[in-house]
Amino acid sequence: MPDRPTLDGLEAKWDAVWAEHGTYDFDRTAARADVFSIDTPPPTVSGSLHVGHVFSYTHTDLLARYQRMAGKSVFYPMGWDDNGLPTERRVQNYYGVRCDPSVPYDPSFSPPAEPAKEQVPISRRNFVDLCHVLTAEDEQVFEKVFRQLGLSVDWNHTYATIDDASRRAAQRGFLRNLARGEAYAQEAPTLWDVDFRTAVAQAELEDREMPGAYHRLTFSGVEIETTRPELLPACVALVAHPDDERYQPLFGTTVTTPLFGVTVPVLAHPLAQPDKGTGIAMICTFGDTTDVTWWRELDLPVRSVIGRDGRILPTPPEGVAAEPYAELAGKNVKQAQKRIVELLAESGDLIGEPKPITHPVKFFEKGDRPLEVVTSRQWYIRNGGRDATLRERLLERGAELTWHPSYMKTRYDNWVGGLNGDWLISRQRFFGVPFPLWYPLDEAGELLYDQPLLPTEAQLPIDPASDVPEGFTEDQRGVPGGFVGDPDVMDTWATSSLSPQIAGGWEDDPDLFGRLFPYDLRPQAHEIIRTWLFATVVRAHHEHDRLPWSDAAISGWVLDPDRKKMSKSKGNVVTPVEHLDKHGSDAVRYWSASARPGTDTAFDENQIKVGRRLAMKLLNASKFALAFPEPTPGEVTDPLDRALLEALARVVEEATTAFASYDPSRALERTETFFWTFCDDYIELVKSRAYGEQGASACRALRIALDTLLRLFAPVLPFATEEVWSWWQDGSVHRAAWPTTDGLKTGGDPAVLDMAGEVLAQVRKAKSNAKTSMKTPVTSLVITDSAERLALVSLAQGDLVNAGVVETVTLVEGEPAIEVTLGEAPPKQQ
RNA sequence: GGGCGUGUAGCUCAGCGGUAGAGCGCUCGCCUUACAAGCGAGUGGUCGGGGGUUCGAUCCCCUCCGCGCCCA
């Protein structure tokens with residue numbers, strides 16, 4: 001036991017010991033009933049660690065540590081989400097390369113020493129290799145911080161969403177979805193990011209308020225208003241609300257588009273808004289998702305004018321006049337709009353001046369330009385968006401799940417209820433899990449999409465860009481009568497939605513999987529309920545016909561001290577490592593643990609300091625309690641000591657209930673309150689007695705209480721508690737049993753401690769008011785109260801006399817009052 | 001515009017039908033042999049506004065306002 005205990009260095013010291021002893025290793029011989037399995041969120045490793053990570057991962061760790069002490073074998077893996085766009089962008093910039101799937105794989109490739117000015121095109125496989133190299137470095141940084149933070153992860157169980165096991169699981173899952181008809185490919189209008197050149201799923205959209213302008217155009221005298229005049233050549237109809245009397249006479253007639261001279265019908269549809277613009281709108285293929293709905297429901301033709309690069313296509317759609325169109329071809333949307341407005345003004349078809357407005361426009365959440373709608377072939381997984389029966393089943397799954405806090409379920413219900421299409425899982429990108437299939441080419445070189453060539457599950461993972469289907473050779477790739485691989489990769493969520501299967505060794509290690517699945521806990525943040533949580537439910541529903549876990553614990557967000565969301569662009573991001581270094585991990589964990597589950601929390605360095613104070617106090621109080629000679633075995637006999645243990649028994653009950661109901665913050669609050677009373681009142685009261693010959697009862701109580709408190713604090717303060725534990729106990733506190741009330745229920749009356757505390761407070765108050773030392777003697781202490789309460793005082797009278805330096809005590813029955821008479825202050829010591 | 005959450009002492013937050021709580025801050029003290037990165041005491045709130053239910057509301061209901069997230 002050190003003379004001057006310190007928190008410094010405890011993280012490195014104990015992390016090493018825990019690793020060496022396998023303190024947090026999962027016992028894979030444990031039966032399912034004795035396992036607590038956690039579907040840990042895999043953080044995106046291409047960014048830096050955010051204080052929000054520290055916050056929410058601590059919440060999970062608190063539950064893991066509680067369950068471990070409560071006797072479970074805890075399966076607490078760690079995953080890294082390293083596939084997808086963020087990694088691609090990093091690799092491109094870091095190495096100066098770009099992926100070109102048409103380049104053949106070069107086994108001897110090594111990246112340029114310095115990033116070239118012109119990005120070097122490399123094969124998909126080489127590009128993916130570089131992604132692996134870079135993410136491996138990032139993952140080490142993350143692991144280091146998580147270890148410093150004291151996460152009780154079993155580091156033998158890690159995965160990355162791009163590693164072999166993940167790709168195998170994702171491809172296997174997809175092939176099974178395909179075989180059962182849950183996955184399908186379709187040529188359809190799709191939201192498209194023209195910069196990333198990829199399709200985007202509903203869950204990745206966000207609306208942004210953008211400036212625009214209403215342009216009033218005349219179609220054979222019918223005036224419409226549009227924010228996208230550049231789509232005029234893509235116009236296929238006009239539409240008004242069926243009840244709109246102004247336009248009812250026109251329904252069924254046709255009008256002619258200005259400039260391009262295309263005859264289009266005037267139609268009725270309830271989605272048309274009579275109060276918007278002139279009440280009649282032009283339908284283009286495709287300006288937005290409403291156009292898609294109209295196009296589908298009104299059975300309209302396609303006149304595409306925007307290419308996948310966001311520019312006007314070189315040739316006009318059939319029936320569109322070539323002359324004015326040529327002026328637009330090749331221009332981007334902004335340029336085309338400028339030019340067509342000029343042309344419309346010249347022709348007299350533009351009525352008045354454009355009216356500036358701001359309106360919500362759909363963006364890819366990572367994108368910089370508005371999304372366009374293009375027609376392309378994409379893969380989907382059925383998620384109830386087009387199937388009311390499946391949607392109902394998935395809503396029932398949400399109801400089967402136990403949500404912490406319970407109101408988070410509403411977000412799931414709202415999302416599932418509002419789905420309007422299936423889940424688009426294909427991306428026209430490179431660093432992702434490839435779709436594991438090929439297509440034969442007929443003699444004319446046409447792809448036979450309806451006859452895909454599939455690998456067996458035993459062959460997985462495969463890359464159809466470099467692997468060859470059964471019965472073909474590489475030289476048949478891309479030639480008539482040969483084959484081509486599916487060019488797309490899966491969206492990140494299509495892999496991470498299988499995190500329980502990936503982490504648990506689904507099919508690869510059935511024995512392990514059987515001990516984990518379905519998992520006990522999915523911890524995660526609330527903003528990805530609609531993506532990660534829902535997607536995981538969908539996959540498990542299809543694959544296993546059950547929920548992937550019984551409980552979901554949803555963390556809140558960390559906001560900046562002004563309650564604003566932290567974001568790099570605002571420059572208000574708090575980096576966690578400096579706080580871990582400065583205040584210690586236990587202190588930061590204390591701040592995290594103080595937040596109620598699901599509640600957003602403002603970052604508050606003050607709370608971290610309070611946590612450090614608590615951890616420090618724990619070291620000092622422990623040192624003091626353990627400095628008394630080890631008591632002989634025996635009973636705790638003194639009424640005050642028994643009162644303490646009885647009060648502690650209630651804390652144990654409350655903390656246990658709180659942890660079992662996924663509320664560590666409550667457990668901490670109760671434990672902490674008790675602990676300060678223990679230090680400030682109880683220890684002060686029993687100090688003198690514990691030193692003396694009659695001290696055995698107090699010394700026993702001190703040790704019992706300390707033992708219990710260390711266990712109660714262990715989940716929150718793993719380093720300080722382990723340090724103290726090592727002074728006088730064997731093994732790790734983190735493998736010790738969660739405390740029970742056995743040994744605390746001594747039949748004592750907690751009121752004895754309360755009453756003694758009240759009297760002590762009055763004595764201290766008198767000394768404070770007199771601005772004198774606490775050592776100043778009390779010549780007379782007169783306590784007036786009911787007989788019942790006086791009896792409580794008398795049970796602790798000896799300790800009160802010692803702690804208060806009281807010379808005479810008088811107990812009187814009557815109206816409650818405490819009278820303190822002070823003597824001379826003792827001389828000051830040097 | 002909709003959904004969910006939230007609004008309690010200067011700050012961060014507990015409490016959630018029966019006379020307002022903690023920590024921090026601030027003020028005043030105390031070298032008290034575990035801890036001066038400590039200890040003791042004090043200070044501080046018409047519980048966002050307005051209605052309603054109730055013997056009684058911070059707590060339940062309605063409505064408005066602010067903030068956060070998600071969605072349109």
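# Notebook: a predicted model, chain A

**Entry 1. Arg296.** I started at Arg296, which sits in helix α6, residues 289–297. I looked up its accessibility and read 53%, so Arg296 counts as exposed. Then I checked a distance across the chain. Arg296 and Pro189 are 107 residues apart in sequence, and their C-alpha atoms are 9.8 Å apart. I keep in mind that this is a predicted model.

**Entry 2. The whole chain.** I stepped back to chain A. I noted 24 helices and 29 strands. The C-alpha trace spans about 110 × 65 × 55 Å along its principal axes. Chain A has 830 residues, and 54% of them count as buried. I also looked at contacts between residues at least 6 apart in sequence. Of these, 77% join residues at least 24 apart.

**Entry 3. Thr198.** Next I went to strand β8, residues 198–199, where Thr198 is placed. Is Thr198 buried or exposed? Its relative accessible area is 1%, so I logged Thr198 as buried. I then asked what the side chain of Thr198 has by it. A polar atom of that side chain lies 2.9 Å from the backbone nitrogen of Gln428. I listed the contacts of Thr198, leaving out residues up to four places away in sequence. They are Leu191, Trp192, Asp193, Arg427, Gln428 and Arg429.

**Entry 4. Salt bridges.** I searched the whole structure and got 55 salt bridges.

- Asp195 and Arg369 meet through their side chains, with N to O at 2.8 Å. Asp195 lies in the loop between β7 (183–193) and β8, and Arg369 in the loop between β15 (350–364) and β16 (372–381), so the pair ties together parts 174 residues apart in sequence. Asp195 is partly exposed at 40%. Arg369 is partly exposed too, at 34%.
- Asp244 pairs with Arg246, and their closest N and O atoms are 2.8 Å apart. Asp244 has a relative accessible area of 7%, so I marked Asp244 as buried. Arg246 reads 49%, which counts as partly exposed.
- Glu182 and Arg180 form a salt bridge at 2.9 Å, N to O. Glu182 is at 11% relative accessibility and so counts as buried. Arg180 is at 38% and counts as partly exposed.

Which residues are linked with Arg180 and Glu182 in a network of salt bridges? I noted Arg168, Arg172, Arg176, Glu457, Glu507, Asp508 and Glu543.

**Entry 5. Helices α18 and α20.** I turned to helix packing. Helix α18 covers residues 639–660 and helix α20 covers residues 696–713. Their axes are 10 Å apart, at an angle of about 10°. That makes α18 roughly parallel to α20, because angles under 35 degrees count that way. I went through the contact residues. On the α18 side they are Asp641, Leu644, Leu645, Leu648, Val651, Val652 and Ala655. On the α20 side they are Ser697, Ala698, Ala701, Ile704, Ala705, Thr708, Leu709 and Leu712. By class, this contact has 12 nonpolar, two polar and one charged residues.

**Entry 6. Helices α3 and α4.** How do the axes of helix α3 (residues 85–95) and helix α4 (residues 124–149) cross? I found a crossing at roughly 95°, with the axes coming within 10 Å. The two helices, α3 and α4, are therefore roughly perpendicular to each other. From α3 I listed Thr87, Glu88, Arg90, Val91, Gln92, Tyr94 and Tyr95. They meet Phe127, Leu130, Cys131, Val133, Leu134, Thr135, Glu137 and Asp138 in α4. By class, I logged eight nonpolar, three polar and four charged residues for the contact of α3 with α4.

**Entry 7. Leu516.** Leu516 has a relative accessible area of 0%, so it is buried. Which residues does Leu516 contact, its neighbours within four places in sequence left aside? I noted Phe26, Arg32, Val35, Ser37, Phe75 and Gly504. I also took one distance from Leu516 to Gly307. The two are 209 residues apart in sequence and 48 Å apart in space, C-alpha to C-alpha.

Note on methods
Residues are numbered from 1 along each chain as its sequence is written. Chains are lettered from A and ligands numbered from 1 in the order in which they are written. This is a predicted model: local features need pLDDT of at least 70, side-chain atom pairs count only at pLDDT 80 or more; totals for chains, interfaces and linings use all residues. Side-chain values use heavy atoms; hydrogens and water are left out. Helices (H or I, at least four residues) and strands (E, at least two) are DSSP runs, numbered from the N terminus. Buried means under 20% relative accessible area, exposed over 50%, partly exposed in between (1.4 Å probe, protein chains only). A polar contact is a pair of N or O atoms within 3.5 Å; within protein, one must be able to donate a hydrogen and the other to accept it, and residues adjacent in sequence count only if both atoms are side-chain atoms. Contact means heavy atoms within 4.5 Å. A salt bridge is a side-chain nitrogen of Lys or Arg within 4 Å of a carboxyl oxygen of Asp or Glu. Axes are lines fitted to C-alpha atoms, for helices over the stretch in contact, and angles run from 0 to 180 degrees between N-to-C directions. Angles under 35 degrees count as roughly parallel, over 145 as roughly antiparallel, 65 to 115 as roughly perpendicular and the rest as oblique. Ala, Val, Leu, Ile, Met, Phe, Trp, Tyr, Cys and Pro count as nonpolar, Asp, Glu, Lys and Arg as charged, and the others, Gly among them, as polar.
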